[in-house]
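Subject: A structure to look at

Hi there,

Here is the structure I promised to pass on to you.

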Amino acid sequence: MSTAIKARWARRFVAVGIVWFVAWQLATVAGSGRRVGVALGLYGFVFHVVFGKGYTLLPSYFDRTLAFPRAPAVHLPLAALGTACLALGAASSGSIDLGLDPLSTAMGETLTGIGASLWLAGCLVFVGTIGWTIRDNLSGRETGTGDANADRRWVDRYANAFVPVVALYVLAGATIPVLEWLELTQSLVAGGPPVTHLLAAGGAALLIFAVGFRLLPRFLAVSPRTWLVALVLPVGALGPALLAGDFLGDSLFLVGAVLEATALVGFALAYVDMFSRSDRRRVGFYAVTLGVLSGAGVALLGLSFATDWFGIPGNPFDAHYRLALAGLLGLTVVGVTYQFYPPAVASSSLVDDRTASLSIALLAGGLLVEVGGLLRSASVVERGGRVVVLAGSIVYAFVVFSVFLERRGK
């Protein structure tokens with residue numbers, strides 16, 4: 001029964017996340033700024049999918065059973081409502097035309113504070129549930145890895161050890177905005193972009209690295225290069241803290257940028273290497289490939305902010321944000337989603353691997369056009385790319401929801 005409950009709630013988290021994904025692209029086309037995009041894309045899309053699959057994957061990776069199977073039922077409304085309040089609070093700043101009278105700044109701050117509080121409450125449910133589930137195996141030494149995969153145990157144990165670091169980043173990124181709203185503390189990490197980096201790089205990206213080195217090799221039926229695993233995880237764990245602690249500063253920010261770039265490029269190399277050695281060619285793998293390659297672009301732009309090595313024209317900050325959220329995190333999530341919920345199981349003649357491939361092509365192609373427009377200050381090109389990304393998100397939603405309809409009651 002607990003397995004069925006977890007599977008249903010995982011689908012619900014993913015479904016809500018996909019709704020946020022489409023809403024994010026609609027808001028982007030409508031002219032929303034980065035704050036709205038972060039609320040809908042990071043808090044909404046990426047983390048709803050991460051939380052939903054985390055409840056099912058992480059206990060098994062630590063050879064445990066989820067302690068509280070109904071925890072997702074408590075968490076989901078907190079996360080969804082929190083995201084809505086965060087997005088509305090950001091929209092009240094005037095970065096998007098809601099078609100209504102502008103909300104006051106005070107109301108916007110209140111909505112943001114309430115949203116951050118609700119989202120933090122959801123994070124506490126998630127981290128508390130997973131923490132209690134693995135409380136006697138926090139190092140991750142017990143991996144649930146069978147004898148048939150005995151050669152993978154070192155990588156599995158090593159990757160498990162970084163999951164508690166992810167939890168710390170998520171808690172820090174969720175707590176700081178609430179404390180600042182309540183004016184209870186002056187954090188070492190400022191709100192805004194530094195907190196976003198704690199969540200995006202320290203929470204989501206590091207979890208993709210840690211879980212990815214366990215999950216993706218099994219999907220591809222090949223093993224990662226051990227030296228890349230040994231390199232990517234520690235630098236990916238340290239980099240976000242330095243970035244956030246000295247955001248756009250001097251030496252610490254530079255070191256953090258170099259470490260995070262190393263992690264992103266190293267993970268891209270590890271995945272592309274595995275993909276090239278694998279004889280499996282499923283549709284989701286191509287989305288992950290495009291996602292990790294986007295991560296290399298994120299690394300290049302990030303280094304440009306910390307050094308004088310590159311002269312990036314146009315609007316590199318928005319290009320960095322879109323490549324990170326829609327590219328690295330977004331396309332990777334899309335690819336893994338297609339692996340867990342294969343389009344082929346849908347009975348509709350309109351849904352198959354070709355439809356899924358179309359969604360990936362629209363998302364990646366539109367993002368490439370949009371980023372090109374941002375870097376060339378070509379607003380028409382930028383807007384055209386965003387419309388194509390929106391079309392890709394709608395096709396993606398259609399495919400996954402069609403698969404979910406096939407699994408009703410299961």
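This is a predicted model: local features need pLDDT of at least 70, side-chain atom pairs count only at pLDDT 80 or more; totals for chains, interfaces and linings use all residues.

**What lines the second largest pocket**

The lining of the second largest pocket is made of 17 nonpolar residues, two polar ones and no charged ones. Here Ala, Val, Leu, Ile, Met, Phe, Trp, Tyr, Cys and Pro count as nonpolar, Asp, Glu, Lys and Arg as charged, and the others, Gly among them, as polar. This pocket has a volume of about 230 Å³, and of its 19 lining residues, Val127, Ile130, Val163, Pro164 and Ala167 are the closest to its centre. H2, helix H4 (105-133), helix H6 (163-181) and H7 each give at least two residues to the lining, with H6 supplying the largest share, seven residues.

On the terms: on a 1 Å grid over the protein atoms alone, a pocket is an open set of points with protein on both sides within 12 Å along at least five of seven lines, a cavity is a set where a 1.4 Å probe fits but cannot get out, and lining residues have an atom within 4 Å of a point. Grid points are joined across faces, edges and corners, and a volume is the space filled by probe spheres set on the points. Helices (H or I, at least four residues) are DSSP runs numbered from the N terminus.

Residues are numbered from 1 along each chain as its sequence is written, and side-chain values use heavy atoms, leaving out hydrogens and water. The average pLDDT (the predictor's confidence in each residue, from 0 to 100) is 90, and 93% of the residues score at least 70. Please take care with residues 95-100, where the pLDDT is below 50.

**A helix pair**

The axes of H11 and H12 (lines fitted to C-alpha atoms over the stretch in contact, with angles from 0 to 180 degrees between N-to-C directions) come within 9 Å and cross at roughly 170°. The two helices are therefore roughly antiparallel, a term for angles over 145 degrees.

Best wishes

Methods:
Contact means heavy atoms within 4.5 Å. Angles under 35 degrees count as roughly parallel, over 145 as roughly antiparallel, 65 to 115 as roughly perpendicular and the rest as oblique.
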